[in-house]
Amino acid sequence: MRVRRKGAAEIRQAAEAAAIAALKVAAQEVPRPPFDESTAAFFDVDNTVMAGASIFYFARGLAARDFFDSRDLLRFGLAHLTYRLRGQENPDGIQDARETALAFVAGRSVAEIVRYGEEIYDERMAEQIYSGTHALAQQHLDAGQRVWLVTATPVELASVIARRLSLTGALGTVSEVRDGSYTGRLVGGLLHGQAKAEAVAALAEREGLDLSRCWAYSDSINDLPLLSLVGHPVAINPDPDLKAIARERDWPVKDFRTARKAVRIGIPAAAGAGALAGGVAAGMALRRRVVSA
């Protein structure tokens with residue numbers, strides 16, 4: 001399958017929709033008074049903030065809730081495994097994930113998907129967060145700077161991740177919504193590549209940010225437009241192409257992949273205790289079945 005190249009108008013539409021959606025969601029959160037209103041940090045999500053692809057963990061959680069069949073999950077799984085092993089995004093896989101994701105949320109209410117996103121974050125994503133990247137984000141917050149996620153992941157899921165990590169907000173792919181439910185179409189297109197950079201630029205204009213004083217963090221060469229947009233680009237867990245560019249341009253490089261521990265980050269204490277208890281109970285039940293078999 002060949003990926004349709006997005007035109008400039010579609011990229012602008014996706015970027016503008018992402019910026020507007022991000023500010024709407026952020027406005028609902030308890031404001032954190034910034035010390036420096038002209039500076040912010042922008043973090044990619046997949047393989048930068050968390051190990052692997054957030055949409056895959058979300059898909060696994062939805063599959064457990066009978067949203068789609070095992071063939072769709074297998075397709076997600078193969079793309080995710082390739083991504084984890086190679087550290088590189090596959091454009092065909094991105095397009096495939098987009099089409100599958102749109103198909104399984106069409107007709108579903110936004111409130112339902114957000115609720116499942118929160119549950120699935122606690123179940124599957126919290127332990128995938130890179131503690132090193134999370135610490136970098138926290139340093140920016142402690143310095144009074146806003147911290148935004150910027151991702152091709154649906155904005156509703158990206159916003160759940162941002163809330164769980166106590167970040168400012170998220171820019172993500174925006175799906176069309178009618179009467180509180182998804183139509184199965186996107187507003188503009190996938191927030192990927194150049195569209196990410198344009199979304200950040202649109203947000204910066206609306207928020208009065210000085211991009212020359214901002215930071216951006218990513219693992220992927222596909223985010224070169226975003227990294228090149230800010231004054232302080234940083235490569236985190238970089239793919240080979242981005243690593244080469246970072247060395248050439250003398251950008252900082254950080255790799256948290258080998259040091260990552262399975263620590264559940266951004267999960268409410270009560271929910272964490274419940275998940276642990278549930279895991280222990282499931283393990284004991286499985287052991288009883290094996291012993292009695």
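Helices here are DSSP runs of H or I with at least four residues, strands are DSSP runs of E with at least two, and both are numbered from the N terminus. This is a predicted model, in which local features need pLDDT of at least 70 and side-chain atom pairs pLDDT 80 or more, while totals for chains, interfaces and linings use all residues. Residues are numbered from 1 along each chain, and side-chain values use heavy atoms, without hydrogens and water.

Q: Which residues of helix 10 are buried?
A: Buried means under 20% relative accessible area and exposed over 50%, with partly exposed in between (1.4 Å probe, protein chains only). In helix 10 (residues 240-249), Leu-242, Ile-245 and Ala-246 are buried.

Q: Why are the buried residues of helix 10 said to line one face?
A: Seen down the helix axis, the buried residues fall within an arc of 100°, so they line one face of helix 10. The arc is taken from the directions between the axis and the C-beta atoms. Pro-240, Arg-247 and Glu-248 are exposed on the face turned away from the buried side.

Q: What covers the buried residues of helix 10?
A: The cover includes strand 6 (215-218), helix 9 (224-229), strand 7 (232-236) and strand 8 (253-254).

Q: Which helix gives the most to the lining of the largest cavity?
A: Helix 6 (residues 131-142) does, with three residues. Lining residues have an atom within 4 Å of a cavity point, where a 1.4 Å probe fits on a 1 Å grid over the protein atoms alone but cannot get out. Phe-43, Val-49, Thr-133, His-134, Ala-137, Leu-149, Leu-165 and Leu-167 form this lining.

Notes:
Contact means heavy atoms within 4.5 Å. On a 1 Å grid over the protein atoms alone, a cavity is a set of points where a 1.4 Å probe fits but cannot get out, and a pocket is an open set with protein on both sides within 12 Å along at least five of seven lines; lining residues have an atom within 4 Å of a point.
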